[in-house]
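Have the viewer open while you read.

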Amino acid sequence: MEAKIAIQGIKGSFHHQVAQHYFGPSGDILECMSFDEVAKRLIRQEAAKGVMALENSIAGSIVPNYALIDRNNLHIIGEYYLDIHMNLMAIHGQKIEDLKEVHSHPIALLQCAVFFSQYPHIKLVESGDTAETARRIQEQKLVGIGAVASPIAAELYDLEILAAGIHTVQSNKTRFVILKSTNKEWPKEAINKASVKFELDDTPGSLATVLNVMNNCKLNLTKIQSMPVIETPFHYSFFVDVVFEKYKHYEKAKNILALMTTHFKVLGEYPKGKP
């Protein structure tokens, strides 16, 4: 039996597109209606790998997903940058002026805020998934309701695109990570990017010292995301992405940082994707 790939959303979603690009069009897709469900499917071994959005060039980081990966001890084994094309679609024969509501995932709506500011008569309604909304509109023949989703969703669910490319910034990319419940995926010579998490004490300059170690070890910091430690007010975890030319440089930094920080954890070591 072919290994299943868990995605957030249904066929026609952006996660589905990433799964097709990364694993090939014949991948066995397991549709999940939340990121939590993706994590659970991986933990229960009901899926071999998962796809999860982590940050968007317009909307920023999807912070809860960092915590989800950490809390469930999932491992990042790859990444994929997808060009996001947001389109307004509805049942055939309608115009934008006919729409009373537009439904989509909150991140998708956020990316199209400027476009919808031109149409104050349209109520924006958050839903669980872009493609699921498109499918529901077609199945229930919902007149007066539009969806924001991908061109593939419009094709799959036979909706008419009323406005294409409605995202605020035309260069709109989302970084997706490929997840697995275990980490041994790549040989060291194939790895040139890593995601780690750590906490620091309240010593002044401790974060600057950590960043200096990374620099001295020839690591290029590409992302740093802080998140409150709920049990300790005003105390933060740091999620960091680094790229490097040689694994030995990263390995040296990793050993030093494990001594300098608390709760140091490797979330993933993998080949970097092409932005």
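## Ground rules

This is a predicted model, so to speak of local features we need pLDDT of at least 70, side-chain atom pairs count only at pLDDT 80 or more, and totals for chains, interfaces and linings use all residues. Residues are numbered from 1 along each chain as its sequence is written, and side-chain values use heavy atoms, with hydrogens and water left out.

## The largest pocket

H3 gives the most to the lining of the largest pocket, with three residues. Helices (H or I, at least four residues) and strands (E, at least two) are DSSP runs, numbered from the N terminus. The pocket itself has a volume of about 270 Å³. A pocket here is an open set of points on a 1 Å grid over the protein atoms alone, with protein on both sides within 12 Å along at least five of seven lines, and lining residues have an atom within 4 Å of a point. Grid points are joined across faces, edges and corners, and a volume is the space filled by probe spheres set on the points.

Lining this pocket are Ala67, Asp70, Arg71, Lys197, Glu199, Met227, Pro228, Val229, Ile230, Glu231, Ser237 and Phe239. Two or more of the lining residues come from each of helix H3 (63–71), strand S12 (193–199), strand S13 (220–228) and strand S14 (236–243). By class, the lining has six nonpolar, one polar and five charged residues. For the classes, Ala, Val, Leu, Ile, Met, Phe, Trp, Tyr, Cys and Pro count as nonpolar, Asp, Glu, Lys and Arg as charged, and the others, Gly among them, as polar.

## The second largest pocket

The second largest pocket holds about 160 Å³ of space. Its lining is made of Asn183, Lys184, Glu185, Trp186, Lys188, Ile191, Tyr247 and Glu269. Sorted by class, that's three nonpolar, one polar and four charged.

Rolling a probe the size of a water molecule over the atoms shows where empty space is left. A cavity is a set of grid points where a 1.4 Å probe fits but cannot get out. How many cavities of 30 Å³ or more does a search of the whole structure find? It finds three. The largest cavity has about 220 Å³ of space, and 18 residues line it, with Phe14, His15, Ala53, His105 and Ile107 the closest to its centre. Helix H1 (14–23), strand S3 (49–56), helix H4 (106–111) and S11 each supply at least two lining residues, and H4 gives the most, with three. The lining splits into nine nonpolar, eight polar and one charged.

The second largest cavity comes in at about 70 Å³. Among the residues that line it are Tyr66, Ile69, Arg175, Lys223, Phe239, Val240 and Asp241. S14 has the largest share of this lining, three residues, and the classes come out as seven nonpolar, one polar and three charged.

## Leu179 on S11

Leu179 sits in strand S11 (residues 173–180). Is Leu179 buried or exposed? Leu179 has a relative accessible area of 0%, so it counts as buried; buried means under 20% relative accessible area, exposed over 50%, and partly exposed in between (1.4 Å probe, protein chains only). Leaving out residues up to four places away in sequence, Leu179 touches Leu42, Ala48, Lys49, Gly50, Met52, Ile69, Leu74, His75 and Ile76. Contact means heavy atoms within 4.5 Å. Leu179 and Phe14 are 165 residues apart in sequence and 16 Å apart in space, C-alpha to C-alpha.

## The two sides of H8

Helix H8 (residues 206–216) has Ser206, Val210, Val213 and Met214 as its buried residues. They lie on the same side of H8 because they cover an arc of only 100° around the axis, the arc being that of the directions from the helix axis to the C-beta atoms. These buried residues pack against S12, S13, S14 and helix H9 (247–260). Asn215 and Asn216, on the other side of H8, are exposed. Just after H8, Lys218 takes a positive phi of about 65°.

## Nonpolar cores

A nonpolar core is a set of buried Ala, Val, Leu, Ile, Met, Phe, Trp, Tyr and Cys residues joined through side-chain atoms within 4.5 Å. The largest one has 31 residues, of which Leu88, Val148 and Ile166 touch the most other members. H1 gives the largest share of this core, three residues. A second, separate core of 22 residues includes Ala6, Phe35, Val38 and Leu267.
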